[in-house]
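Welcome! Here are a few exercises to work through with the structure on your screen. Try each task before you read its solution.

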Amino acid sequence: MRIFSGIQPTGTVHLGNYFGAIKQWVELQEGNFCIYCIVDYHALTNENTRPEELRKAKQDLALDLLACGIDPEKSILFVQSDVPEHTELCWILGCVTSFGDLTRMTQFKEKAKGQEFVNGGLFYYPVLQAADILLYLADHVPVGEDQLQHLELARRIARRFNWRFGEFFPEPEPILGKVPRLMSLADPTRKMSKSYGPDHYIGLMEPEEEIWRKIRTAVTDVGLTPGQPMSPGVANLFTLLELVAPAEVTEEFKRLHQEGKLLYRDLKETLFRYLMETLRPIRERRKELTEKDVEEVLAAGAERARKIAKEVIREVRARVGLD
Ligand code: AMP
Ligand code: TRP
């Protein structure tokens with residue numbers, strides 16, 4: 001498979017990003033051609049992004065990704081704006097994108113809601129995302145559930161381009177992880193996300209006390225009423241436990257819960273312990289990496305990405321008559 005995926009440099013990587021996407025990125029490196037991108041053009045759509053923050057966020061994200069196990073020997077890791085062909089393809093693809101489709105994007109509607117100034121980049125965001133993927137002729141894209149609509153659009157864009165200019169782009173399929181939508185611990189009816197504030201996510205590199213505080217105060221319920229399904233908060237804790245603990249441990253806790261004998265404090269303590277065990281090697285690797293390591297990796301990544309991008313753009317230009 002030819003894999004492409006992207007992540008925005010906006011603050012810390014959280015458990016939703018990790019279990020929803022990055023863990024798959026790492027696993028897919030075995031036996032596939034993988035290209036992973038830090039999407040800084042996309043981050044500009046966020047009104048609050050300041051230049052110095054964006055620079056730092058890119059560095060930090062690259063460090064986090066390397067610490068998580070993205071291996072520059074196995075895959076290409078690069079920054080989107082180092083390959084300006086992304087924006088050129090974005091424009092060309094925009095001309096085969098349905099305006100109506102763009103108005104139906106739920107992420108756009110959510111992000112635009114309640115904002116006084118809605119920038120055009122936010123509206124065009126999914127076209128740039130399609131360009132990211134198609135520029136490398138990628139056929140599979142590991143993402144969380146919130147990106148499925150954008151991928152569906154990328155397929156429609158590829159199809160329309162192929163129909164007008166001859167078969168060229170593959171129609172990229174999503175790859176969903178085991179937990180395509182991890183929920184917030186503070187409000188389990190919403191997804192874990194940076195946009196709702198610090199209580200709504202757990203960052204991979206956060207201080208241990210902070211992670212414990214967030215787990216300790218996670219929303220649960222007053223106990224299981226027989227015959228009732230698990231409440232969303234408790235279900236979310238079990239989802240996390242399944243990701244980090246051995247199956248027997250989760251089974252035992254589930255049994256206790258069914259019997260009405262589960263103390264949520266025990267569940268939370270156990271979850272915290274196994275979660276820290278899972279995160280420890282990542283956190284330790286992160287400490288060993290330097291900014292210089294990152295610079296080299298990103299420079300080499302950009303060069304490899306640019307080579308592919310240039311060829312694809314040349315072909316696209318020829319097909320549409322821009323050569
Ligand atoms: P973002 O931080 O929005 O750039 O997202 C990066 C990747 O993480 C995308 O593939 C998202 O679909 C995925 N992701 C973000 N939040 C969650 C979540 N709560 N559960 C599962 N996947 C997520
Ligand atoms: N929109 C994605 C997100 O917010 C990030 C992204 C940009 C992306 N370009 C991509 C993901 C290409 C997959 C493929 O998570």
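**Exercise 1. Find the backbone contacts of ligand 1, then describe what surrounds ligand 1.**

Solution. Start with the polar contacts, which are pairs of N or O atoms within 3.5 Å; within protein, one must be able to donate a hydrogen and the other to accept it, and residues adjacent in sequence count only if both atoms are side-chain atoms.

- Step 1: a polar backbone atom of Gln 8 sits 3.1 Å from an oxygen atom of ligand 1.
- Step 2: for Gly 16, a polar backbone atom is 3.2 Å from a nitrogen atom of ligand 1.
- Step 3: Met 192 has a backbone N or O atom 2.9 Å from a nitrogen atom of ligand 1.
- Step 4: ligand 1 on its own has 480 Å² of accessible area, and the protein covers 91% of that. Such areas come from the Shrake-Rupley method with a 1.4 Å probe; for residues, only the protein chains shown count as cover.
- Step 5: the shell (residues with a heavy atom within 4 Å) holds 18 residues, and Gln 8, Gly 144, Asp 146, Leu 182 and Met 192 come nearest.
- Step 6: helix H1 (residues 15-28) gives the largest share of this shell, 4 residues. Helices (H or I, at least four residues) and strands (E, at least two) are DSSP runs, numbered from the N terminus.

A word on the model: it is predicted, so local features need pLDDT of at least 70 and side-chain atom pairs pLDDT 80 or more, while totals for chains, interfaces and linings use all residues. Residues are numbered from 1 along each chain as its sequence is written, chains are lettered from A and ligands numbered from 1 in the order in which they are written, and side-chain values use heavy atoms, leaving out hydrogens and water.

**Exercise 2. Which side chains reach a nitrogen atom of ligand 2, and which elements line its shell?**

Solution.

- Step 1: the side chain of Tyr 125 places an N or O atom 2.7 Å from a nitrogen atom of ligand 2.
- Step 2: Asp 132 also has a side-chain N or O atom 2.7 Å from a nitrogen atom of ligand 2.
- Step 3: for Gln 147, a polar side-chain atom lies 3.1 Å from a nitrogen atom of ligand 2.
- Step 4: of the 370 Å² of accessible area that ligand 2 has on its own, the protein covers 90%.
- Step 5: strand S1 (2-7) and helix H7 (120-134) each give two or more residues to the shell, with H7 supplying the largest share, 4 residues.

**Exercise 3. How far apart are the centres of the two domains, and how much area do they bury?**

Solution.

- Step 1: an automatic or database assignment sets the bounds, giving domain 1 (2-171 + 291-320) and domain 2 (194-285).
- Step 2: their C-alpha centres lie 31 Å apart.
- Step 3: contact (heavy atoms within 4.5 Å) involves 14 residues from domain 1 and 13 residues from domain 2.
- Step 4: together they bury about 1,300 Å², 69% of it on carbon and sulfur atoms. Buried area is the accessible area (1.4 Å probe) that two parts lose on being put together, summed over both.
- Step 5: Leu 15, Phe 19 and Ala 67 supply 44% of the area that domain 1 buries against domain 2, more than any other three residues.
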